[in-house]
Amino acid sequence: MKKELFSNVLSLVWNLLLVYVCYTLSRLVFLCVNWDTFSEHLTFGYAMSLFGAGIIFDTTAILYSNALFILLFLFPLHWKETPVFYKIVRWVFTSVNTFFLITNLIDCVYFRFTGRRTTMTVLQEFRNEGDGKLTSIFLDEFATYWYLVLLAAVLFYVIYKLYRSPKVPVKQKMPYYVVQLVTLLIAIPFTVFGMRGGMTTATRPITLSNANQYVERPLDAGLVLNTPFSLFRTLGKATFVIPDYFPEAEAVAAYSPVHFPADSTAFRPMNVVVIIWEGFSKQHVGSLNPQLENGAYKGYTPFIDSLLAKSLTFQYSYSNGRKSIDGMPSVLSSIPSFVEPFFLTPSALNDVSSIAGELTKNKGYSSAFFHGAMNGSMGFQAFARSVGFQKYFGRTEYNEDPNYNGDADFDGTWAIWDEEFLQFYCDRMSEMKEPFVTSVFTATSHGPFDLPERYKGKFPTGDDPLFETVAYSDYAIQRFFEKAEKQPWFENTLFVITADHTSGNCYPEYVTDLGYYNVPVIFYAPGLPELKGLDKEKIVDQIDIMPTVLGILGYDRPYVGFGQDAFHTPASEKFAVNYLPSSGIYQFLKGDYLIQFDGEKVIHAYRFRTDVLMKDDVKDSMPQEVRKEMETQLKSIIQQYMQRMNNNELVYRE
């Protein structure tokens with residue numbers, strides 16, 4: 001029986017390793033065909049690191065494409081252990097893997113035109129082309145790149161010839177069923193882990209954007225990724241379809257995401273610190289909710305309440321998404337989440353700027369992003385690197401610091417406790433060269449909503465276990481500011497505090513279509529007393545943070561950002577926009593009105609300032625010229641968003 005098991009398992013491993021070798025060979029061919037694209041900056045060590053990282057993405061692709069093969073190989077049915085069955089399995093294995101290797105070889109050529117690995121959007125790109133035209137194109141390319149066609153044939157032959165079937169016939173049925181079933185049960189979770197790209201609770205299924213954490217420039221992600229992975233990860237994903245609402249000139253006249261500096265702009269090199277607070281809803285802040293509980297509501301953030309007395313914040317402030325992976329692009333790169341989270345789309349490989357990217361590249365800032373979870377978690381490291389942050393500090397770097405307790409400060413699920421990690425954050429900033437731009441993403445106020453033992457029972461609780469952890473994170477931020485105030489860089493620093501998204505909403509005005517997006521947006525600068533007060537008129541959302549920060553600094557270069565400068569834009573011109581992923585509806589706020597738009601027409605409208613529960617639909621009674629103007633501007637935003645996503649136009653190019 002041991003011989004039978006050994007033969008079976010060894011044959012499976014051999015066949016999968018054979019595919020790994022073929023994927024690596026196809027990556028090498030990809031590099032050779034596109035040598036001019038990569039050779040200028042490609043050292044041997046860097047190339048090896050890219051090939052090594054590529055194995056992670058190869059694993060996902062290989063396990064997805066060979067899931068049926070693995071199941072057929074290990075499924076415990078003794079009657080299948082025959083030469084005929086394994087001959088069929090051999091052809092399935094050979095055909096499937098050759099097909100996906102061919103997609104890799106096709107991209108050896110196609111990459112030079114697109115600058116990215118092919119995704120499922122290619123089907124939309126060519127859907128209006130006739131079959132005859134596509135056939136003609138492929139035949140022409142086959143003739144030009146005959147050596148790739150030959151290589152595909154060689155790979156098919158090699159896989160077929162080197163395929164290995166079990167050699168030992170089944171003699172004892174009961175031991176066979178036991179061993180085969182146990183082997184299958186062991187293989188299933190490891191196959192799932194391989195498909196996901198990791199086995200921890202903090203690991204989301206890896207996506208295209210994860211390749212960015214291994215590269216020095218976005219284009220190099222093409223060497224890390226493989227085409228089957230790109231196809232699988234975009235299969236069934238809604239893609240960015242460019243609507244034909246207006247001619248381009250008319251769309252730009254209604255709204256443009258390109259920001260140009262004023263002629264009189266004078267840049268002031270302040271440090272910038274952006275704190276993105278996990279699950280932090282406006283509902284949690286007592287001073288922003290005087291209407292709750294007849295004015296007796298104290299909230300869960302006493303420190304934030306005290307900070308608001310010397311900060312600029314807004315009564316009408318919103319997130320642009322509902323997930324953590326929506327928050328980071330919105331806050332740092334002024335990119336709202338439409339249709340799909342930016343991280344999960346092919347556009348994640350676009351050239352993208354950020355507050356850090358603009359200031360690091362053009363103003364000589366040093367920059368770093370901090371997140372106390374396992375490095376690579378949530379795709380944050382990849383995104384931070386792709387948008388211009390020079391350094392990343394995560395759980396790995398925290399554990400390496402002898403001044404802290406390493407994994408003794410790990411919450412057991414997600415990340416280092418907020419208090420310790422924010423202290424670490426302050427220490428690392430004090431080592432950075434000024435001016436600097438940094439951002440930190442907190443983690444403790446996330447399920448399972450646990451606290452360090454020493455703090456259990458210390459903070460107020462509420463209807464949701466989240467509230468207690470929000471109160472803890474408020475205390476952690478207080479401790480951060482107590483330390484930061486003693487640093488020489490403090491007085492020349494602009495602090496921004498906001499959330500990634502809301503969470504724990506329970507009061508009626510926070511469980512509406514708009515209420516689910518109510519997050520604080522706070523600007524605090526000890527050296528700028530003019531940044532003070534509660535603005536009760538302007539509408540602000542997360543995508544305004546990048547333009548506002550750059551506006552306060554007097555940034556003197558053009559850039560792309562879908563938000564507005566909240567400090568310098570008149571209240572009458574301010575808007576906010578978000579997307580309801582569950583229904584595919586856009587929400588657009590401006591002036592006194594909110595409209596809901598389904599992509600073709602306005603379906604609802606509300607006077608959101610007074611009708612906080614969104615009960616009175618005024619679509620037909622609101623001034624029609626106001627409705628028309630709002631609809632036109634929203635259409636322009638959507639059209640230019642989709643166009644820029646598809647055409648890699650998220651940075652300003654002169």
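Predicted model: local features only at pLDDT ≥ 70, side-chain atom pairs only at ≥ 80, totals over all residues.

Biologist: What makes the side chains of lysine 635 and glutamate 631 a salt bridge?

Modeller: A salt bridge needs a side-chain nitrogen of Lys or Arg within 4 Å of a carboxyl oxygen of Asp or Glu. The side chains of lysine 635 and glutamate 631 meet at 3.2 Å, N to O. Both residues lie in helix α21, 4 residues apart, about one turn of the helix.

Biologist: Which residues do salt bridges with shared partners join into one network?

Modeller: Glu419, Glu420, Arg454 and Arg479. By the same cut-off rule, the count comes to 19 salt bridges.

Biologist: How do you know that glutamate 629 and lysine 590 meet in a salt bridge?

Modeller: Their N to O distance is 3.6 Å, and the limit is 4 Å. Glutamate 629 sits in helix α21 and lysine 590 in strand β12 (residues 585-590), so this pair ties together parts that are 39 residues apart in sequence.

Biologist: Why is lysine 590 called buried?

Modeller: Buried means under 20% relative accessible area. Lysine 590 has 13%, so it counts as buried. Glutamate 629 has 49%. Exposed would need over 50%, so glutamate 629 is partly exposed.

Biologist: What about the side chains of aspartate 450 and lysine 456: what joins them?

Modeller: A salt bridge, at 3.4 Å from N to O. Aspartate 450 is partly exposed, at 32% relative accessible area. Lysine 456 has 41% and is partly exposed too.

Biologist: On to helix α8. How do you know that its span agrees with its number of residues?

Modeller: Helix α8 covers residues 146-162, which is 17 residues. At 1.5 Å a residue, it should span 24 Å. Its end C-alpha atoms are 24 Å apart, so the two values agree.

Biologist: Which residues of α8 are buried?

Modeller: Leu148, Leu151, Ala152, Leu155 and Ile159. They cover an arc of only 105° around the axis, which puts them on the same side of α8. The face turned away from that buried side carries the exposed residues Trp146 and Tyr157.

Biologist: Where does UniProt list a "transmembrane region"?

Modeller: The unreviewed entry lists residues 12-30, 50-76, 88-113, 144-163 and 175-195. In the model, residues 144-163 are 90% helix and 0% strand, with end C-alpha atoms 31 Å apart. Residues 50-76 are 89% helix and 0% strand. Their end C-alpha atoms lie 39 Å apart.

Biologist: Which residues make the nonpolar surface patch of about 620 Å²?

Modeller: Met174, Val178, Val182, Ile186, Phe190 and Met199. Of these, phenylalanine 190 lies in helix α9 (residues 173-196).

Biologist: Where does UniProt place the feature "domain: Sulfatase N-terminal"?

Modeller: At residues 271-555, in an unreviewed entry. The model makes that span 28% helix and 17% strand. Its end C-alpha atoms lie 13 Å apart.

Biologist: Why is glutamine 423 called buried?

Modeller: Its relative accessible area is 10%, and the cut-off is 20%. Glutamine 423 lies in helix α18 (residues 418-430). Its C-alpha atom is 7.6 Å from that of arginine 479, which is 56 residues away along the chain.

Biologist: What kind of peptide bond joins glutamate 434 and proline 435?

Modeller: A cis bond, with omega about -5°. Proline 435 is in the loop between α18 and β6 (436-441). Another cis bond joins glycine 447 and proline 448, with omega about 15°. Proline 448 lies in the loop between β6 and α19 (466-484).

Biologist: Is methionine 614 buried or exposed?

Modeller: Buried: its relative accessibility is 13%, and the cut-off is 20%. Methionine 614 is found in the loop between β14 (602-606) and α21 (624-646).

Methods. Residues numbered from 1 in each chain as written. Heavy atoms only, no water. Helix = DSSP H or I, 4+ residues; strand = E, 2+ residues; numbered from the N terminus. Expected span 1.5 Å × (residues − 1). Buried < 20%, exposed > 50% of the residue type's maximum accessible area, 1.4 Å probe, protein only. Arc of directions from axis to C-beta. Patch = residues over 30% accessible without salt bridge, like charges linked within 9 Å, V, L, I, M, F, W, Y side chains within 5 Å. Areas by Shrake-Rupley, 256 points an atom, 1.4 Å probe, with all protein chains shown as cover. UniProt positions renumbered as here; feature names shortened; annotations may be inferred.
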